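Please read the numbered points below beside the sequence and the model. They are meant for a colleague who is seeing this entry for the first time.

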Amino acid sequence: MATARIVHGISPFSRFLHLHLHLRRRTLTSAVRPYFAATSPPSTAVIYDQHGSPDVVTRVTELPPVEIKDNDVCVRMLAAPINPSDINRIEGVYPVRPPIPAVGGYEGVGEVHTIGSAVKGLSPGDWVIPSPPSSGTWQTYVVKEQTMWQKVEKSTPMEYAATIIVNPLTALRMLEDFVALKSGDTIVQNGATSIVGQCVIQLARLRGIHSINIIRDRVGSDEAKENLKQLGADEVYTESQLDVKNVRGLLGNIPEPILGFNCVGGNAASLILKFLKQGGTMVTYGGMSKKPITVSTSSFIFKASLSIILSCSSCEVALWLEMAPFDDFHTALEKAMGKRGRQPKQVLKF
């Protein structure tokens, strides 16, 4: 009689059935598993809900995480300046400004924290700047599409990288776009202690161009004059020093300016025109005094000066900057607004 033999173990069919059930369970589980999108860390930000004086309407608050889409880059901000245009945006007087509520800041430098799945050419750890400049840099983490970020060398001083996209490029474009300047020519500008002004002085010096510089009468004017001359300024005058009939007598052997830069407006613009050579060009790129430009009739008739309005949109320059901790934002803001005397440009460090 045949004897049945029992073999301990799993038959091939049992193995197949077990695998089939396992895969089936995995498929069903995957179908109901929730999708978790990548998000940024929570962010500390300076925001304003209404327009007004920045030291009144701004507040520091926590913002929730933001979803990082396929083409997005999450950047941990390292430094961001407080520009006059930032203050004007919060005040509501700057022509281009974001809808409120808004996060302050328009430029800066940060380190790539996380990238979306479709991002190419950027990696975590890279330094980037917003280019073109865009609002919302006064916060610890910023999420924007890759097209909004430009990679920069990490060897660049942090405070310079944070301020390169607006003011230095404005200075460069003004020197190149309106008059064909050559070595030996002269330019004149007001607002010379601004970052644009400082860049104009240094770029002009590198090209052999003389610069006449006008600053406002403030405490510390003598120190400001010395600082600007160290940068390469030929002459520096306060506005009160130019309250004379013949300012051209102050030029000495320096040729009359053929190009002038005005960022103050008001009567300060007329001082530019006093210096300009007949047929010279004055470029207006700001209005820090918040007053209309004052131009004498004789300037238009006899000097035939041309006024141009400029909308501000690899040379090494030195800038008078002060790094301020982000935790002490309101102190830096008061300095930037001139409420603590004449101060260097404030750059927030996160």
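1. The charged end of Arg89 sits over the ring of Tyr106, 3.7 Å from the ring centre; a charge is taken to sit over a ring if NZ of Lys or CZ of Arg is within 6 Å of the ring centre and within 35 degrees of the ring normal. Arg89 is found in helix 3, which covers residues 84-91, where helices (H or I, at least four residues) and strands (E, at least two) are DSSP runs numbered from the N terminus. At 6% relative accessibility Arg89 counts as buried, the term buried meaning under 20% relative accessible area, exposed over 50%, and partly exposed in between (1.4 Å probe, protein chains only).

2. Before going further, please note that this is a predicted model, in which local features need pLDDT of at least 70 and side-chain atom pairs count only at pLDDT 80 or more, while totals for chains, interfaces and linings use all residues. Residues are numbered from 1 along each chain as its sequence is written, and side-chain values use heavy atoms, with hydrogens and water left out.

3. What does Arg89 touch, not counting residues up to four places away in sequence? The list consists of Tyr48, His51, Tyr94, Val96, Arg97, Pro98 and Tyr106, with contact meaning heavy atoms within 4.5 Å. The C-alpha atoms of Arg89 and Gly52 are separated by 9.2 Å, although these residues are 37 residues apart along the chain.

4. For the chain as a whole, there are ten helices and 16 strands, and buried residues make up 43% of the 350 residues. The accessible surface of the protein chain comes to about 18,700 Å², of which 54% belongs to carbon and sulfur atoms; accessible areas come from the Shrake-Rupley method with a 1.4 Å probe, and for residues only the protein chains shown count as cover.

5. Six bridges join strand 1 (residues 43-48) to strand 2, and Thr44 stands opposite Glu62 in strand 2.

6. Strand 9 (residues 186-190) deserves a careful look, since five of its five residues are buried, so the strand is largely enclosed by the rest of the structure. In a regular strand the side chains alternate between the two faces of the sheet. Here Thr186, Val188 and Asn190 point one way, whereas Ile187 and Gln189 point the other way, and all are buried.

7. Which strands does strand 9 run parallel to? Five bridges join strand 9 to strand 10 (residues 210-215) in a parallel arrangement, with Ile214 as the bridge partner of Asn190. Three bridges join strand 9, again in parallel, to strand 12 (residues 259-262), where Leu259 is the bridge partner of Ile187.

8. Strand 9, helix 6 (residues 195-206) and strand 10 make a right-handed β-α-β unit, right-handed meaning that, with the strands pointing away from the viewer, the path from the first strand over the helix to the second runs clockwise. Strand 10 is also joined to strand 11 by four bridges, and these two strands run parallel, with Ile215 opposite Thr238 in strand 11. The chain crosses from strand 10 through helix 7 (residues 221-231) to strand 11, and this β-α-β crossover is right-handed.

9. Cys263 lies in the loop between strand 12 and helix 8 and, at 3% relative accessibility, counts as buried. Leaving aside neighbours within four places in sequence, Cys263 is in contact with Asn190, Gly191, Tyr285, Gly286, Gly287 and Met288. The C-alpha atoms of Cys263 and Thr284, 21 residues apart along the chain, are separated by 5.9 Å.

10. A search of the whole structure finds three aromatic pairs; rings of Phe, Tyr and Trp (its six-membered ring) pair if their centres lie within 6.5 Å, and planes under 30 degrees apart count as stacked, over 60 as edge-to-face and the rest as tilted. The rings of Tyr237 and Phe275 have their centres 6.3 Å apart and their planes at 20 degrees, so this pair is stacked. Tyr237 lies in strand 11 (residues 235-238) and Phe275 in helix 8 (residues 267-275), so the pair ties together parts that are 38 residues apart in sequence.

Conventions: Pairing = 2+ DSSP bridges.
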